[in-house]
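Grab a pencil and work through these exercises with the model open beside you. Each task comes with a solution in steps.

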Amino acid sequence: MKKISYILLLLMTFSATAQESLDALLKQYNTHSVPYISVEELRRLQVNDTVVILDAREIAEFGVSHIDNARYVGFSTFSSEEISETVTNKNSPIVVYCSLGIRSEVIAEKLKHAGFTNVRNLYGGIFEWKNKGYTVVDSTRTETENIHTFSRVWSKWLTRGNKVY
C-alpha cells in the first residue's frame, strides 16, 4: 500500500510539474491578450456544433492531423479578410489553435482587431488536445494518431500519439 501511495504521489507531481511547465512556457511567449479555453470546454462546444474552430498551423501540419471540423487558416498566410467572408457574425464563438497556443494567440489577436468579439485561444493547442485523449483526423478525415510536432524542440510537449516532424 505504501508503494502504491508513493507511485501515485510521483504521478501527481509529474502531472503538476508538466502543467506548470506548460504554464511557464505560455507565460514566456504569450501576452494573454486573448482568453484561453481548455480542451474540455472546446470539446463540449464541438459536440454541440456551436463553435468555429480555426487551425493556425502551417498546411503541412494541418495535413498530418487536425481537430475534426477545424478550418485551416494558416499562420504565415493568414487573412482576417478571408475569415470575415465566411464567418459573417462577428459575435460567433471562435477558438483558434496551433501546436501549443503560441502562434494561435497571434492569429486570435488579428481576429479581435478585425472586429471578432468572441475569440479564444486553445490552451496547449493540439498537443494538449491529443495529450488529453481526444481524437484528431488526417486530410481525409480519418482518425489518426499522428501529430506534426512543428520541431523536435517542441515535440517534448506531446506525450500521446505519434510524433511526425
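Predicted model: local features only at pLDDT ≥ 70, side-chain atom pairs only at ≥ 80, totals over all residues.

Buried means under 20% relative accessible area, exposed means over 50%, and partly exposed is what lies in between (1.4 Å probe, protein chains only). Residues are numbered from 1 along each chain as its sequence is written, and side-chain values use heavy atoms, with hydrogens and water left out.

**Exercise 1.** Work out which way the side chains of strand β4 point, and which strands β4 is joined to.

Step 1: Strands (E, at least two residues) and helices (H or I, at least four) are DSSP runs, numbered from the N terminus. Strand β4 covers residues 94–97.

Step 2: I94 and V96 point one way, V95 and Y97 the other way, and all are buried. In a regular strand the side chains alternate between the two faces of the sheet.

Step 3: Two strands pair if DSSP finds at least two bridges between them. Strand β2 (residues 52–55) runs parallel to β4, with four bridges joining them; D55 has Y97 as its bridge partner in β4.

Step 4: Strand β5 (residues 119–122) is also parallel to β4, through three bridges, and there V96 partners N121.

**Exercise 2.** Place E109 in the fold and say what it touches.

Step 1: E109 sits in helix α5 (residues 103–113). It counts as partly exposed because its relative accessibility is 22%.

Step 2: Take contact as heavy atoms within 4.5 Å. Skipping neighbours within four places in sequence, E109 is in contact with T31, S33 and V34.

Step 3: From E109 to N121 is 12 residues in sequence and 9.5 Å in space, C-alpha to C-alpha.

**Exercise 3.** Classify the aromatic pair of Y29 and W154, then locate both residues.

Step 1: Rings of Phe, Tyr and Trp (its six-membered ring) pair if their centres lie within 6.5 Å; planes under 30 degrees apart are stacked, over 60 edge-to-face, the rest tilted. The structure holds four aromatic pairs.

Step 2: Y29 and W154 are edge-to-face, at 5.7 Å centre to centre and 70 degrees between the planes.

Step 3: The pair links distant parts of the chain, 125 residues apart: Y29 is in helix α1 (residues 2–29), W154 in the loop between β8 (146–148) and β9 (162–164).

Step 4: Y29 is partly exposed because its relative accessible area is 42%; W154, at 19%, is buried.
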